[in-house]
Amino acid sequence: MTATKRTPPLKDLGHVPWPEIRDTTGSAADIPALLTTVARGDADTAESALGQLRRRICQYGFVVDQATAATVPFLWELVRIPQVTCRAGILRLLKSIADARQWEDTAVAYPKLLRHPDNHVAWEREARRAVHAQRGVLRDLLDERDKDIVRASTELADTLSD
């Protein structure tokens, strides 16, 4: 019997130029550390890091920024790992990102926003596409024993089916 080699979580974090992109606080350079803490922290520490991450990539639960789309694949990766203690919270964050239309709605009233150097509307659309891209993961999560994960997965699946 041969052992299968497991890929360490978040191994691709270094492929994203985090210091060069922005989150709602400025430089997104701290996002890898927050994701790593969510992945490896105890329940309280992981929940705290997820809260900080939420403020940086989906502020107020509906304002996304440039770093949001780059962060989403890592959130999907974390939600697949049973040892991550705040998976339901990650699913709720993904739902918030999928629901985000702050900039797009504002651009309807103020079309000049579409010509702004920081293209918030494009960032928002890109973040939603990133959430949609891995929605197949939800099939497995709907079979989880944890009712909070199943509820959060169902809510996200409903959002993504609209």
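User: By relative accessible area, what makes Arg 22 buried, exposed or partly exposed?

Analyst: Arg 22 has a relative accessible area of 32%. Buried means under 20%, exposed means over 50%, and partly exposed is what lies in between, with a 1.4 Å probe and protein chains only. The 32% of Arg 22 falls in the middle range, so this residue is called partly exposed. Before we go on: this is a predicted model, numbered from 1 along each chain as its sequence is written. Local features need pLDDT of at least 70, side-chain atom pairs count only at pLDDT 80 or more, totals for chains, interfaces and linings use all residues, and side-chain values use heavy atoms, with hydrogens and water left out.

User: Where is Arg 22 found, and which residues is it in contact with, leaving aside neighbours within four places in sequence?

Analyst: Arg 22 sits in strand S1, a strand being a DSSP run (E) of at least two residues and a helix one (H or I) of at least four, both numbered from the N terminus. Contact means heavy atoms within 4.5 Å. With neighbours within four places set aside, Arg 22 touches Ala 28, Asp 65, Gln 66, Ala 67 and Asp 118. Its C-alpha atom is also separated by 9.1 Å from that of Ile 57, 35 residues apart along the chain.

User: What pattern does the protein follow along the sequence?

Analyst: The order is β-β-α-α-β-β-α-α-α-α-α-α, built from eight helices and four strands. Of the 162 residues, 43% count as buried. Among contacts with a separation of 6 or more, 65% come from residues 24 or more positions apart.

User: How many aromatic pairs does a search of the whole structure find, and what makes Trp 18 and Phe 74 one of them?

Analyst: The search finds two. Rings of Phe, Tyr and Trp (its six-membered ring) pair if their centres lie within 6.5 Å; planes under 30 degrees apart count as stacked, over 60 as edge-to-face and the rest as tilted. Trp 18 and Phe 74 are 6.1 Å apart centre to centre, with 50 degrees between the planes. Trp 18 lies in the segment before strand S1 (22–23) and Phe 74 in helix H3 (residues 66–79), so the pair ties together parts that are 56 residues apart in sequence. Both Trp 18 and Phe 74 are buried.

User: Why is the pair of Tyr 60 and Phe 62 called tilted?

Analyst: The ring centres of Tyr 60 and Phe 62 are 6.2 Å apart and the planes stand at 35 degrees, so this pair is tilted by the rule above. Tyr 60, at 65% relative accessible area, is exposed, whereas Phe 62, at 37%, is partly exposed. Tyr 60 belongs to the loop between strand S3 (58–59) and strand S4 (63–64). Tyr 60 also has a positive phi of about 60 degrees although it is not a glycine. Most residues other than glycine have a negative phi.

User: How many disulfides does the rule count?

Analyst: A disulfide is a pair of cysteine sulfur atoms within 2.5 Å, and the count comes to zero. As for individual cysteines, Cys 58 has a relative accessible area of 0% and is buried, and Cys 86 is buried at 2%.

User: Which residues have the most contacts inside the largest nonpolar core?

Analyst: They are Ile 90 and Ile 97, in a core of 47 residues. Such a core is a set of buried Ala, Val, Leu, Ile, Met, Phe, Trp, Tyr and Cys residues joined through side-chain atoms within 4.5 Å. The largest share, eight residues, comes from H3. Beyond its neighbours within four places, Ile 97 is in contact with residues including Cys 58, Val 72 and Ala 127. Ala 127 lies in helix H6, and at 0% relative accessibility it counts as buried.

User: Why do the buried residues of H1 line one face of the helix?

Analyst: Those buried residues are Ile 31, Pro 32, Leu 34, Leu 35, Val 38 and Ala 39. Seen down the axis of H1, they fall within an arc of 165 degrees, so they line one face; the arc is that of the directions from the helix axis to the C-beta atoms. They pack against S1, H2, H3 and H4.
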